[in-house]
Protein chains: 2
Amino acid sequence: MERLGCLVCRKEFDLNVHSPFCPECAEPLIVVSKKKVRKFHLDRNLAVEVFEDYLPLDKIDPHFSLQEGDTPIIELHRLRKDFGLPPTFAKNECLNPTASFKDRGSVVAVQKAVSLGFKSIGTISTGNMAGSTAAYAAKAGLKSVIFVKEDTTNEKIMAAGVYGPVLVKVRGDYGVLFRASFEIGRRQGIYFMNSVDPFRIEGYKATAFEIFLQMESRAPDYVIVPVSAGGHIIGLIKGFLELKEDGYLPHLPAFIGVQAKGCSPIARAFERKKPTFSRFPNPRTVAHAISNPNPPGGNLVLKLIRETGGAMIAVSDAELLKAQRLLADREGLFCDPASATVLAALLKLKKGGKLGPRSTSVLVITGSGLKTVEDLSSDSIDYHEAAVGDLETLMADIF
Amino acid sequence: MERLGCLVCRKEFDLNVHSPFCPECAEPLIVVSKKKVRKFHLDRNLAVEVFEDYLPLDKIDPHFSLQEGDTPIIELHRLRKDFGLPPTFAKNECLNPTASFKDRGSVVAVQKAVSLGFKSIGTISTGNMAGSTAAYAAKAGLKSVIFVKEDTTNEKIMAAGVYGPVLVKVRGDYGVLFRASFEIGRRQGIYFMNSVDPFRIEGYKATAFEIFLQMESRAPDYVIVPVSAGGHIIGLIKGFLELKEDGYLPHLPAFIGVQAKGCSPIARAFERKKPTFSRFPNPRTVAHAISNPNPPGGNLVLKLIRETGGAMIAVSDAELLKAQRLLADREGLFCDPASATVLAALLKLKKGGKLGPRSTSVLVITGSGLKTVEDLSSDSIDYHEAAVGDLETLMADIF
């Protein structure tokens with residue numbers, strides 16, 4: 001059985017999936033990696049198999065995988081030219097099976113759920129997490145329960161509901177719901193694998209390993225990633241820390257966590273040099289996937305970012321929406337507004353003279369724009385109309 | 001310069017991208033592959049580089065790629081058990097950069113466009129083709145023109161418009177528009193890479209090569225694929241034919257082309273043993289991506305399917321919608337209604353006793369369900385509602 005550790009209190013605890021938080025400081029617990037000889041199995045097919053030595057799984061059933069991971073890293077050569085940037089790459093997590101990075105966490109947590117004997121799993125989400133959890137439950141033959149906020153659009157409910165989960169639209173405070181889910185899980189034998197679940201975090205380490213391998217066994221200077229609850233960036237940092245521990249890396253990249261100005265509890269605490277964040281009042285941003293006013297991993301993110309010499313940055317909705325269009329229009333990458341924050345942050349660093357001329361950046365693009373088409377402003381996208389007979393005349397005029 | 005050939009008239013012609021149809025029989029022309037020693041370059045990164053020897057490209061600029069292809073093949077072990085099926089796999093083309101198989105064609109056609117000196121490309125589409133063409137144009141720094149039908153939803157216009165093409169909503173007959181596009185292209189120097197473009201078709205061959213490699217250098221017994229204009233299945237068949245020609249395969253798989261009953265011009269002609277298809281009157285199906293009443297590659301598909309011992313099958317909207325839910329609910333795969341036709345066809349073959357107990361099938365899943373969420377019937381997806389305080393009681397009741 002894994003031991004979980006609190007990085008703040010430096011204490012270890014037995015695994016209890018219904019209570020993955022430190023009993024003393026309430027910060028999320030993470031898996032204590034057992035010291036052993038670890039290596040990458042590059043001859044294997046699935047990412048979870050390639051990185052098996054780094055994962056807290058006794059066994060991997062390939063039937064539970066939807067072939068997540070192994071996502072492309074793409075040089076953004078046109079944006080580089082446009083803005084005089086140093087080498088810039090996008091790690092495109094949209095090309096996961098349910099079109100977001102969440103799948104990397106789901107596959108590990110679902111394997112763990114099955115090995116612990118659970119027949120049901122659950123999560124709380126308004127978007128990416130719902131679809132990912134329900135899809136992996138379906139593939140593994142588990143029941144799933146998804147709690148969504150009352151203002152979730154019908155389209156998002158359908159996109160998760162298609163996988164056959166028990167779906168509940170819940171009225172009330174999200175923080176209360178978060179805690180209630182673990183209690184319901186404990187009573188009804190449902191493993192609620194929420195945003196900072198320790199096994200999800202283990203799954204996100206694979207993104208760090210892939211970036212390292214795709215950059216020819218080097219780390220970039222910057223890894224820039226959107227931050228919501230905090231699980232994703234914690235996993236990325238843990239992955240690079242393990243690479244360093246195993247002697248693959250002389251030093252870590254700088255991690256830049258990005259939030260939307262309209263909901264930036266962690267970035268605000270970072271800027272004000274506070275040790276912990278406060279709940280963000282009246283969150284308001286188009287980047288819904290990262291609009292979390294009270295992130296359960298927030299303090300741990302602050303600590304890890306500071307210890308590794310990184311930074312938290314906030315960008316405005318105008319900046320991130322502009323970045324979203326730039327990624328599509330210049331690089332053919334259509335991501336969601338939350339993902340676009342990372343380009344906005346890079347351009348801000350560049351403008352502030354804070355980017356070395358030879359510093360390499362990897363932008364982690366976390367989710368597909370196809371799930372948030374309704375958030376594109378329609379007056380920013382023009383179209384013409386014509387009868388087929390008038391088309392030649394129109395085209396001669398406009399093209 | 002490539003030569004194009006008509007497989008019906010057995011004649012060859014010089015390449016003219018503005019008129020890729022046989023001047024004698026009007027069937028689509030395909031690239032005549034030059035005889036040479038060809039091999040797979042498995043040590044390379046991009047699919048277009050791996051299969052370069054099989055592609056009519058003088059040079060490949062990796063900067064034009066969005067890292068299309070190399071998509072997963074996944075065993076559908078739960079559906080296999082549910083329905084007593086022989087080995088069944090899904091080739092998941094949703095995991096291409098713009099979430100459909102079209103990207104494999106776009107990357108090859110765009111490379112060709114640049115090498116021919118074009119600064120602008122175009123296409124006609126209501127969905128997948130629009131996004132793919134506009135995205136690849138953006139990445140290559142080309143202008144793009146997208147003609148869409150007047151009933152195209154605003155959401156689909158936005159999902160293509162985000163890449164910055166010139167978009168025109170066109171009123172009138174789709175067949176007339178198809179021909180008009182080539183004329184506009186000729187006059188204005190725009191390479192209209194439409195559905196049966198010969199270089200798109202070359203790109204689709206890569207799917208055949210990957211299936212072969214992923215099945216451990218064998219072909220499956222059946223390759224089942226949705227059919228609209230015909231370009232995709234023509235490319236798949238051409239790919240397997242080239243594998244056979246080069247001695248990799250003793251015999252071809254049987255190709256099963258699937259259409260929706262509500263728009264099945266090719267399947268109807270096949271069933272009635274007609275040499276050519278007739279325009280399908282009053283098309284009506286939820287599988288919009290394959291609702292083409294007058295497919296430009298239809299007769300060629302009929303000919304190739306017959307010559308290789310395959311079949312065309314039509315499935316009803318009820319069958320394909322049920323199959324769509326089965327793929328999501330049992331296998332965690334959320335595809336569009338058009339893609340789901342392939343599972344519906346397989347179940348039909350099984351029910352009719354036409355599937356050998358050891359025959360292996362590959363279902364080609366062509367596009368993501370995320371682009372057609374509005375086509376899910378909302379009364380087929382249930383959800384509950386509760387205040388957070390009542391959640392425990394509700395869950396005890398329903399779970």
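Okay, let me start with one arginine. A:Arg279 comes out as partly exposed, with a relative accessible area of 46%. Keep in mind through all of this that we're looking at a predicted model.

So what does that arginine do? A:Arg279 makes a salt bridge with A:Asp173, and the closest N and O atoms are 3.4 Å apart. This pair links distant parts of the chain, 106 residues apart. A:Asp173 sits in the loop between strand E8 (166-171) and H6 of chain A, while A:Arg279 is in the loop between helix H9 (265-271) and helix H10 (298-307). The aspartate is partly exposed too, at 33% relative accessible area.

How many salt bridges turn up over all chains? A search of the whole structure gives 48. As a reminder, side chains of opposite charge can pair when their charged atoms come close.

In helix H6 of chain A, A:Glu183 and A:Arg186 are 3 residues apart, about one turn of the helix. They form a salt bridge with the closest N and O atoms at 2.6 Å, and A:Glu183 is partly exposed at 26% relative accessibility. Then, over in helix H10 of chain A, A:Glu307 and A:Lys303 are 4 residues apart, so about one helical turn separates them. Their side chains meet in a salt bridge at 2.7 Å, N to O, and A:Lys303 is partly exposed, with a relative accessible area of 22%.

Salt bridges link A:Arg38, A:Glu202, A:Lys205, A:Lys238, A:Glu242, A:Glu245 and A:Asp246.

On to the aromatics. We get 30 aromatic pairs over all chains. Take A:Phe178 and A:Phe182: their ring centres are 5.4 Å apart and the planes are at 80°, so this one counts as edge-to-face. Both residues lie in helix H6 (residues 174-188) of chain A, 4 residues apart, about one turn of the helix. Buried or exposed, these two phenylalanines, A:Phe178 and A:Phe182? Both are buried.

Now a pair in chain B. B:Phe40 and B:Tyr54 are also 5.4 Å centre to centre, but with 40° between the planes, which makes the pair tilted. B:Phe40 is in the loop between strand E3 (30-31) and helix H1 (47-50), and B:Tyr54 is in the loop between H1 and strand E4 (73-75), so the pair ties together parts of chain B that are 14 residues apart in sequence. B:Phe40 has a relative accessible area of 12%, so it's buried; B:Tyr54, at 2%, is buried as well.

Back in chain A, ring pairs join A:Phe40, A:Phe51, A:Tyr54, A:Phe209, A:Phe212 and A:Tyr248 into a cluster.

Next slide: the interface. The contact takes 77 residues from chain B and 77 from chain A. Between them the chains bury about 6900 Å², with 64% of that on carbon and sulfur atoms. Which three residues supply more of the area that chain B buries against chain A than any other three? They're B:Met158, B:Val162 and B:Phe399, with 11%.

B:Glu331 forms a salt bridge with A:Lys139, with the closest N and O atoms 2.6 Å apart. Polar contacts across the interface come to 26 residue pairs.

Last stop, the inside of chain B. Helix H10 (residues 298-307) is mostly covered, with 7 of its 10 residues buried, among them B:Leu300, B:Val301 and B:Leu302. The cover over those buried residues includes E3, helix H8 (231-245), strand E11 (254-260), helix H9 (265-271) and strand E12 (311-315) of chain B. Just after the helix, B:Gly309 takes a positive phi of about 75°.

And one threonine to finish. B:Thr207 is in helix H7 (residues 198-214) of chain B, and with a relative accessible area of 0% it's buried. Leaving out residues up to four places away in sequence, B:Thr207 touches B:Lys91, B:Glu93, B:Arg104 and B:Leu236.

Terms used. Residues numbered from 1 in each chain as written. Chains lettered and ligands numbered in written order. Predicted model: local features only at pLDDT ≥ 70, side-chain atom pairs only at ≥ 80, totals over all residues. Heavy atoms only, no water. Phe/Tyr/Trp six-rings, centres within 6.5 Å; stacked < 30°, edge-to-face > 60°. Helix = DSSP H or I, 4+ residues; strand = E, 2+ residues; numbered from the N terminus. Buried < 20%, exposed > 50% of the residue type's maximum accessible area, 1.4 Å probe, protein only. Contact = heavy atoms within 4.5 Å. Buried area = accessible area lost by both parts, 1.4 Å probe. Salt bridge = Lys/Arg side-chain N within 4 Å of Asp/Glu carboxyl O. Polar contact = N/O pair within 3.5 Å; in protein donor to acceptor, adjacent residues only side chain to side chain.
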